[in-house]
Amino acid sequence: MDDQNIWSKIVEGDVKALKVLHEKYYYQMWLWACKYSRNTTHTEELVSDCFIKLWERRQYIFIEKSLKSYLYLMLRNQIVSQARKSKHQLVIGLEALPDVPDETTINHFDYYAGLYQAIQRMPEQRRRILELAAFESLSYKEVAARLNISVNTVKTQMGRAYQFLKEELDPTNFLLFHLLIQTPKSQFNS
């Protein structure tokens, strides 16, 4: 369902359409907002508030450009409002608060949101092993020592993690994932 149809249903009072919109944009909005806040729980609340306000004001809102841009405008305004209330929770100063991102930037967060969601669906131990090996660039030996498991368990779980991501992400995004992560030292040190 495209955004225009989703918005039409939301205006009519369809709660399921709001849920579809939330599932479509929540994670990418959260990732974008995390750049400006130190508190991820607070960031979750800011993003959720956008969807609540959208629902409560749906009869009075006129979407000029796109629904996606409007959501980011709401989130940006939430961040600015919160920044004025509690400066200590921001990563940046008030003068550097974000502009509303353009469509290209917003679409860039689609990739990260999809990757984040796929990783969150993994079993906890596999997810932790992937995060340590791929995102913190630890060798398989270092991962094994940190988690008090065998190197063979790390190798097995990494293979399953890559296979899972290959199945969950579209081929272009899976290739981007490979290009973005650093080559784990494990290939040379295990």
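Visitor: Which residues in α6 meet which residues in α7?
Guide: In this predicted model, the α6 side of the contact consists of Arg128, Ile129, Leu132 and Ala133, and they meet Tyr140, Val143, Arg146 and Leu147 on the α7 side.

Visitor: And by class, how many nonpolar, polar and charged residues does that contact have?
Guide: The contact of α6 with α7 has 6 nonpolar residues and 2 charged ones, with no polar residues.

Visitor: OK, so what angle do α6 and α7 pack at?
Guide: Helix α6, which covers residues 124-135, packs with helix α7, residues 140-147, at an angle of about 135°, and their axes are 9 Å apart. Because of that angle, α6 counts as oblique to α7, since an angle has to be over 145 degrees to count as roughly antiparallel.

Visitor: Is the crossing left-handed or right-handed?
Guide: The crossing in which α6 passes α7 is right-handed.

Visitor: Let's zoom out. How many helices and strands are there in the chain?
Guide: The chain has 10 helices and 0 strands, so that, read from the N terminus on, its elements run α-α-α-α-α-α-α-α-α-α.

Visitor: What share of the residues is buried?
Guide: Of the 190 residues in the chain, 42% are buried, while the chain as a whole exposes about 11200 Å², with carbon and sulfur atoms supplying 49% of that area.

Visitor: What about contacts between residues 24 or more positions apart?
Guide: Taking the contacts in the chain with a separation of 6 or more, residues 24 or more positions apart account for 62% of them.

Notes:
Residues numbered from 1 in each chain as written. Predicted model: local features only at pLDDT ≥ 70, side-chain atom pairs only at ≥ 80, totals over all residues. Heavy atoms only, no water. Axes fitted to C-alpha atoms, helices over the stretch in contact; angles between N-to-C directions. Helix = DSSP H or I, 4+ residues; strand = E, 2+ residues; numbered from the N terminus. Parallel < 35°, antiparallel > 145°, perpendicular 65-115°, else oblique. Left-handed = near helix turned anticlockwise from the far one by under 90°. Contact = heavy atoms within 4.5 Å. Nonpolar A, V, L, I, M, F, W, Y, C, P; charged D, E, K, R; others polar. Buried < 20%, exposed > 50% of the residue type's maximum accessible area, 1.4 Å probe, protein only. Areas by Shrake-Rupley, 256 points an atom, 1.4 Å probe, with all protein chains shown as cover.
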